[in-house]
Amino acid sequence: MNEYETLGHMTKIGSYPDDVRQNSYFLPHHGVFKEDSSTTKLRVVFDGSSHFPEFNSLNDILAPGPALQNDLPSIITKWRTHKIAFSADIEKMFRQIDVNPDHRKFQQILWRQNSSEPMHIYELNTVTYGTTSAPYLAIRVLHKLAEDFNNEYPKAAKVLVADSYVDDILSGAETIDEAQLLYTDLCDLLKSGGCNLRKWNSNSADFLSKIPEACRDSSSTICFSKDNVVKTLGVQWNINSDSFCFNVILDENPTISKRSILSESARLYDPLGWLTPTTLISKSIFKKLWEHVLDWDDKLPTELEKAWTKHRISLRELTKVKIPRWIKWSQHSPIELHCFCDASTEAYAAVVYSRMKDAALDNGFLAE
């Protein structure tokens, strides 16, 4: 909270209750500790949906704006075409965007350093994550920035619009020199809008070596001979092997119920459907739970409990799954798409394989 005030992201406007203004709104807020974060482990979360009975919340009356967020499966699929891949994070992206002073009374908070102080009223001066319009406002500003500086940084502007997912950038190039140029242009482009790119990571040690150490993800300083795994938007990316992998976290000795099965199934974040043969089993079991008309915490029938226990044990095997990030594609590689689909009484599914031509191979093709 001191940082918010020091950086000018919030301003003290009075004391509570003497200086409460009419037609204003107070955002509840609390701290969240994120142990796996390499930068800000403790962050503030604001709740724009909080309200009294029979009254609207701030989010109830805010328009969300058009959906500008890129499709995550498309972002990752495109990312897999780059030989030199990199990821980066826009530091405090939402908080780099000022809110019209006339509107700041709708995002007030109460705060004091200790119980001996009076309760102070603060206005949040920047776009606040936790409000309905925040994602649209932040992404729209990035698009405007790319539009304004497109002539100076055409490739970086394209990456900012097409290869960004909220405050993350996933992109790359065919050569280290091209990647280095993109790095420089992206940093300069975002600095023009008051934003800083940080937490850079890459499958290329040579590319990373050209980036100041303070700008790299802390995990990139680990020796590349060790198991260096970076989480990218919920997907595990092992930069040593340049492959995707899955981390399965299950509760020890849980009470098995419809509630716990849904909770553990939801932890497998798989935006491209690579784990569908596995998640299909979870969905099939869950469907049978509904057919038995069970409540959320009811004891399961013996056959369903055994089926889930067996499946749950097998989920740990997913940690052995490795999927190459780069699909061996280059700008000069012809590509074929081969689609297969099938159906059964349980489900139907489809899979699409890419097939790249490579003159260096005897048979001329490299399949994934």
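Helices (H or I, at least four residues) and strands (E, at least two) are DSSP runs, numbered from the N terminus. On that basis, the protein chain has 10 helices and 16 strands, and Trp290 lies in helix α9, residues 276-291. This is a predicted model, in which local features need pLDDT of at least 70 and side-chain atom pairs count only at pLDDT 80 or more, while totals for chains, interfaces and linings use all residues. Residues are numbered from 1 along each chain as its sequence is written, and side-chain values use heavy atoms, with hydrogens and water left out.

**Overall form**

- The C-alpha trace of the protein chain spans about 80 × 60 × 40 Å along its principal axes.
- Of the 368 residues in the protein chain, 38% count as buried; buried means under 20% relative accessible area, exposed over 50%, and partly exposed in between (1.4 Å probe, protein chains only).
- Residues 24 or more positions apart account for 64% of the contacts with a separation of 6 or more in the protein chain, a contact being heavy atoms within 4.5 Å.
- The protein chain exposes about 21,300 Å², of which carbon and sulfur atoms supply 54%; accessible areas come from the Shrake-Rupley method with a 1.4 Å probe, and for residues only the protein chains shown count as cover.

**Helix α6**

- Helix α6 covers residues 176-191, 16 residues in total, and reaches 22 Å from its first C-alpha to its last.
- This reach is close to the 22 Å expected at 1.5 Å a residue, where the expected span is 1.5 Å times one less than the number of residues.
- The buried residues of α6 are Ala179, Leu182, Tyr183, Asp185, Leu186, Cys187, Leu189 and Leu190.
- An α-helix has 3.6 residues a turn, so residues three or four places apart point the same way.
- The cover over the buried residues of α6 includes the helices α4 (134-148), α5 (154-162) and α7 (205-209), together with the strands β4 (84-90), β8 (168-173) and β9 (197-202).

**Backbone exceptions**

- Most residues other than glycine have a negative phi, and most peptide bonds are trans.
- Tyr16 and Pro17 are joined by a cis peptide bond with an omega of about 10 degrees, and Pro17 lies in the loop between β1 (10-15) and β2 (29-33).
- Glu54, which is not a glycine, has a positive phi near 70 degrees; Glu54 is found in the loop between β3 (42-46) and α2 (58-61) and is exposed, with a relative accessible area of 85%.
- Lys199 also is not a glycine and has a positive phi of about 55 degrees; Lys199 lies in strand β9 and counts as partly exposed, at 21% relative accessibility.

**Nonpolar surface patch**

- Leu262, Trp290 and Trp296 make a nonpolar surface patch of about 300 Å².
- Trp290 counts as partly exposed, at 49% relative accessibility.

**Cysteines**

- The structure holds zero disulfides, a disulfide being a pair of cysteine sulfur atoms within 2.5 Å.
- Cys215 is in no disulfide, and the nearest cysteine sulfur, that of Cys187, is 6.6 Å away; Cys215 counts as partly exposed, at 22% relative accessibility.
- Cys339 is in no disulfide either, and the nearest cysteine sulfur, that of Cys341, is 5.4 Å away; Cys339 is exposed, with a relative accessible area of 53%.

Terms used. Patches are made of residues with over 30% relative accessible area and no salt bridge: like charges are joined within 9 Å, nonpolar side chains (Val, Leu, Ile, Met, Phe, Trp, Tyr) within 5 Å. A salt bridge is a side-chain nitrogen of Lys or Arg within 4 Å of a carboxyl oxygen of Asp or Glu.
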